[in-house]
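The exercises below are to be worked with the sequence and the model in view. Each task is followed by a solution in steps.

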Amino acid sequence: MTRTLAISKRILMEMMRDKRTLALMFLAPVLILTLLNYVFTLNSTPTVEIGTVRVEQVVTDSLKNTSHVNTKSYDSESKAKSALKDKDVDAVLTQTGTNQYQLRYANIDASKTSMVRQVVNSTFAQNKVKAMAQQNVVLATQAGQQPAATSSVSLSEKYNYGSKNTTFFDTIMPIFMGFFVFMFVFLISGISLLKERTTGTLSRLLATPVRRSEIVYGYMLSYALIAILQTAVIVSFTITLLHVEVLGSVGLLFLINILLAMVALALGLLVSTLAASEFQMIQFIPIVVVPQMIFSGIIPFNSMASWAQIIGDVLPMKYAADAMNAVVLQGQGFSSIWGQIVALLIFLVVLTAANIFGLRRYRKV
Amino acid sequence: MEKVISLEKVAKSFGSLKVLKDVDLSLETGEILGLLGPSGAGKSTVINVTLGVEKADAGTAYVFGEAMPKRELLGKIGYMAQSDALYETLTARANLKFFAEMRGIDKEGLDAEINRVAGVVSLGDFLDQAVSGFSGGMKRRLSLAIALLGDPKLLVLDEPTVGIDPALRRQIWAELHNMKKQGHAILVTTHVMDEAELVDRVALLMGGRVIANDGPKQLEEQYGVPSIEDVFLKAEEEEE
């Protein structure tokens with residue numbers, strides 16, 4: 001126990017003296033989160049330009065009245081097409097006959113394409129309703145009746161999470177909280193053990209009566225502390241300055257992040273035994289870290305092939321992200337995330353045992 | 001005299017490479033044993049088997065009468081590796097303190113002990129400086145100081161004086177002889193041949209075997225040459 005404490009104290013002391021790594025661990029997440037927040041908030045609704053060729057006035061008017069839509073009218077189809085090529089407009093609507101239209105998309109930006117599609121379709125639907133209402137009025141007047149006043153429908157909106165200002169950023173926030181902890185702990189712990197191996201301090205350490213498990217636990221203790229600090233920085237920054245709402249308990253967030261950090265640590269230590277240099281450790285980022293990101297839920301799981309979903313099931317980040325989402329977005333308590341917690345614990349126990357056993361490579365007892 | 005190290009018919013291979021074939025070696029209290037051999041002869045493997053870092057394929061290594069590998073015994077051995085193996089960002093004192101804790105040395109009197117070993121290697125004035133600013137020789141001395149912590153009955157030193165200037169080297173050897181007189185057993189590997197004249201007994205390791213094992217003067221007589229360096233060269237010729 002004293003040795004475990006001494007090892008974690010030494011790791012923390014080394015880190016305190018490495019100012020750049022410290023800055024990386026605490027400032028980099030803050031910087032990236034700020035950037036993400038900025039990017040997603042600004043582009044929450046794009047404005048689309050629709051070029052029109054020989055389109056009825058009614059249709060162009062109602063298109064114009066839609067927010068985030070501008071229209072430009074062109075004399076000929078060829079002029080409109082070249083405008084589409086020059087990216088002056090995002091789509092061209094051409095009337096080819098009565099109630100016959102053709103819509104051509106630039107389709108460079110998928111979100112703009114789908115927005116144009118939606119706007120144009122709803123415009124046609126609206127016009128149909130209007131025309132029918134008009135007809136009703138005409139019929140009613142012919143029958144000598146007062147036209148019925150069109151009753152306006154009122155719709156009030158309520159949000160389970162956040163408000164109407166909630167952006168994509170808010171909903172991926174929980175995943176990022178965990179991801180930063182995972183990535184930094186994985187890399188820094190892996191490189192730190194690797195350095196012990198290459199400088200010979202690991203051999204020297206193993207030439208003392210220290211237990212192999214005490215070395216692994218020493219690493220765990222120090223990185224748990226670092227994960228707590230990192231989580232504290234990320235959580236307080238996102239809540240107070242980025243105004244992200246956390247519905248569930250912040251305590252649970254810490255629990256999930258610490259567990260995830262421990263798993264990342266164990267994985268980092270294990271992977272570092274496969275690397276011969278710091279550079280080779282960096283090479284594990286695309287193999288180990290990037291898949292964690294892909295399968296964390298940023299890309300919705302139900303849009304993936306079933307075999308791809310299975311890959312997600314063996315990655316710790318998925319469980320952590322699920323649990324974080326449940327706590328942050330749905331306000332779930334421990335009772336509904338215990339499954340994920342258990343999954344993370346299983347990862348942790350298996351990887352830790354593998355590490356303690358793996359140190360046998362460097363000392364036989 | 002009590003046997004501190006005793007290797008009996010130790011063999012060790014790495015893959016198809018037979019590094020140690022049949023090594024018998026012993027070290028008693030109050031003795032300095034110099035382990036000599038060309039690079040690649042297996043000096044470090046002898047040390048690793050002695051420490052229990054590697055397990056012998058055949059034969060047994062006994063330290064303090066107990067068969068290695070045995071983790072608990074490592075606390076009684078002061079070991080200095082070929083590489084300096086220091087935590088560069090930490091101060092010399094922090095390095096000493098850390099390894100003292102790993103060796104299980106009593107917290108009481110630890111500060112005095114740190115000052116003592118730092119004094120032996122003349123690093124007393126640099127204890128609170130970061131190791132990263134040390135010269136190569138200073139790092140080597142600090143590494144030796146770590147091995148001396150707790151006044152262990154057995155010292156295993158792998159090339160202890162590489163990169164250390166002559167005056168200090170003499171001082172370190174004086175300290176080793178001093179410790180020997182107090183009944184410590186010391187196993188030293190070295191490349192510096194005139195250092196080999198300073199040990200009580202030279203074990204010449206070649207081709208995975210100990211081919212000579214006697215006092216330096218006796219070896220010189222036996223081979224009919226004036227110095228250990230000549231003994232080394234002649235033995236190497238005969239081996240080929």
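**Exercise 1.** How far apart do the C-alpha centres of domain 1 of chain A and domain 2 of chain A lie?

*Solution.* The model is predicted, so local features need pLDDT of at least 70 and side-chain atom pairs count only at pLDDT 80 or more, while totals for chains, interfaces and linings use all residues. Residues are numbered from 1 along each chain as its sequence is written, and chains are lettered from A and ligands numbered from 1 in the order in which they are written. Start with the bounds, which come from an automatic or database domain assignment: domain 1 of chain A is 2-41 + 167-361, and domain 2 is 48-142. The C-alpha centres of these two domains are 50 Å apart.

**Exercise 2.** Describe how helix 6 of chain A meets helix 13 of chain A.

*Solution.* Helices are DSSP runs (H or I, at least four residues), numbered from the N terminus. Helix 6 of chain A spans residues 168-199 and helix 13 of chain A residues 316-330; their axes come within 8 Å and cross at roughly 135 degrees. Axes are lines fitted to C-alpha atoms over the stretch in contact, and angles run from 0 to 180 degrees between N-to-C directions. The pair is therefore oblique; angles under 35 degrees count as roughly parallel, over 145 as roughly antiparallel, 65 to 115 as roughly perpendicular and the rest as oblique. Among the residues of helix 6 in the contact are M173(A) and F182(A), and those of helix 13 include M317(A) and L329(A). Contact requires C-beta atoms, placed from the backbone, within 7 Å.

**Exercise 3.** At what angle do helix 13 of chain A and helix 14 of chain A pack?

*Solution.* The angle is about 155 degrees, with the axes 9 Å apart; helix 14 of chain A covers residues 334-358. This makes helix 13 of chain A roughly antiparallel to helix 14 of chain A. Y319(A) and D322(A) are among the residues on the helix 13 side, and Q340(A) and F347(A) among those on the helix 14 side.

**Exercise 4.** How many residues of chain B are in contact with chain A?

*Solution.* The count is 26 residues of chain B, against 22 residues of chain A. Helix 2 of chain B (residues 92-103) gives the largest share of the chain B side, 6 residues.

**Exercise 5.** What are the helix and strand contents of residues 21-40 of chain A?

*Solution.* This span is 100% helix and 0% strand, and its end C-alpha atoms lie 28 Å apart.

Technical notes
Helix = DSSP H or I, 4+ residues; strand = E, 2+ residues; numbered from the N terminus. Contact = placed C-beta atoms within 7 Å.
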